[in-house]
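This report describes the contacts between two chains and the surroundings of one residue.

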Number of protein chains: 2
Amino acid sequence: MKNWAGQVKAIGVIHSPFQQATGTPIQTRAAEGVEGTVEVFPEFVAGLQDLEGFERIWLLYWFDRASQDGNTLRVCPYLDTEHPRGVFATRAPARPNPIGISPVRLLEVVGNVLRVSEVDILDGTPLLDIKPYVSHFDSFQVERLGWLQDAGDWRKAADGRFERK
Amino acid sequence: MKNWAGQVKAIGVIHSPFQQATGTPIQTRAAEGVEGTVEVFPEFVAGLQDLEGFERIWLLYWFDRASQDGNTLRVCPYLDTEHPRGVFATRAPARPNPIGISPVRLLEVVGNVLRVSEVDILDGTPLLDIKPYVSHFDSFQVERLGWLQDAGDWRKAADGRFERK
């Protein structure tokens with residue numbers, strides 16, 4: 001297991017208004033009204049059947065423009081400007097396996113293209129997976145929020161700190 | 001982008017009471033009281049700093065024992081025994097990129113081991129990532145649930161239909 005590795009492939013590409021990290025919304029909650037499209041490659045289109053009935057979907061994708069300088073394990077996340085934190089206690093894009101998850105709103109499915117809103121993802125990002133968002137599975141009210149509890153006002157937009165140099 | 005591929009590596013391994021799909025809870029909601037441990041490999045332990053303050057965490061992992069017969073794009077999911085569905089409209093483990101996400105409860109962090117509960121994951125599963133669960137980012141009440149709305153009683157435990165032969 002120690003040296004286990006697997007290969008992921010793009011099943012599509014995400015299109016959004018954001019060309020760089022600076023100014024990109026931090027999480028979908030900060031992206032109200034921001035529309036984008038998800039282009040699914042033709043060979044995967046059969047997998048989209050029945051998707052349109054869902055109001056919200058998870059997009060899993062690859063943070064292809066985040067810095068990947070080996071294994072950065074302590075980062076200063078967007079919502080905390082002072083302290084470095086363990087990367088697994090943050091949602092920072094620079095991580096050992098740079099996979100992002102975003103629960104976006106699904107507006108429409110037209111052929112191989114999904115129209116979505118609340119998009120917090122860079123334009124051109126490789127898409128890895130789509131899953132339906134199901135409140136019974138995914139929605140929890142949690143009380144303890146660790147360092148985020150003391151993080152003061154939560155910023156709404158990212159900056160360039162995790163961009164690949 | 002069409003031929004984009006990336007490599008993921010195990011940052012640890014998940015331990016649970018489940019040796020096979022049959023009988024494994026379907027989603028963490030069906031796994032109340034089920035405890036497990038997440039062993040993080042020593043070289044990634046620095047990334048666990050500050051994690052213990054969070055009540056719930058996302059585990060991202062590789063469905064290493066799901067069938068991977070090329071690209072199965074239509075499946076009959078656990079919660080629907082009749083109709084094949086587009087795989088992206090399901091949470092089935094057999095998918096083009098077999099990545100699972102589970103919001104488990106974090107009980108304790110002891111060195112490189114996380115004690116967790118509500119575990120719906122097979123024993124020995126390769127761990128890819130850990131992220132804090134944040135209700136403001138991850139919790140949504142959705143109305144439209146597609147085919148799941150008509151799926152009748154939701155089963156609580158999986159069977160062997162997606163196991164690798």
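In which sense do strand S1 of chain A and S1(B) pair, and over how many bridges? Strand S1 (residues 5-9) of chain A pairs with S1(B) in the antiparallel sense, over 5 bridges. Strands pair if DSSP finds at least two bridges between them, and strands (E, at least two residues) are DSSP runs numbered from the N terminus, as are helices (H or I, at least four). Opposite Lys9(A) stands Ala5(B) in S1(B).

The model is predicted: local features need pLDDT of at least 70 and side-chain atom pairs count only at pLDDT 80 or more, while totals for chains, interfaces and linings use all residues. Residues are numbered from 1 along each chain as its sequence is written, and chains are lettered from A and ligands numbered from 1 in the order in which they are written.

In chain B, 63 residues are in contact (C-beta atoms, placed from the backbone, within 7 Å) with 63 residues of chain A. S9(B) gives the most to this side of chain B, with 6 residues.

Trp58(B) lies in strand S4 of chain B. Trp58(B) is buried because 21 other C-beta atoms lie within 10 Å; the cut-off for buried is 20 or more, with 12 or fewer for exposed and partly exposed in between. Trp58(B) and Leu106(B) are 48 residues apart in sequence, with 9.6 Å between their C-alpha atoms.

| Residue | Touches |
|---|---|
| Trp58(B) | Ile101(B), Pro103(B), Ile130(B), Lys131(B), Tyr133(B) |
| Leu59(A) | Ile14(A), Val38(A), Ser102(A), Val104(A), Ile121(A), Leu127(A), Ile130(A) |

Definitions and conventions: Contact = placed C-beta atoms within 7 Å. Lists of a residue's contacts leave out its neighbours within four places in sequence.
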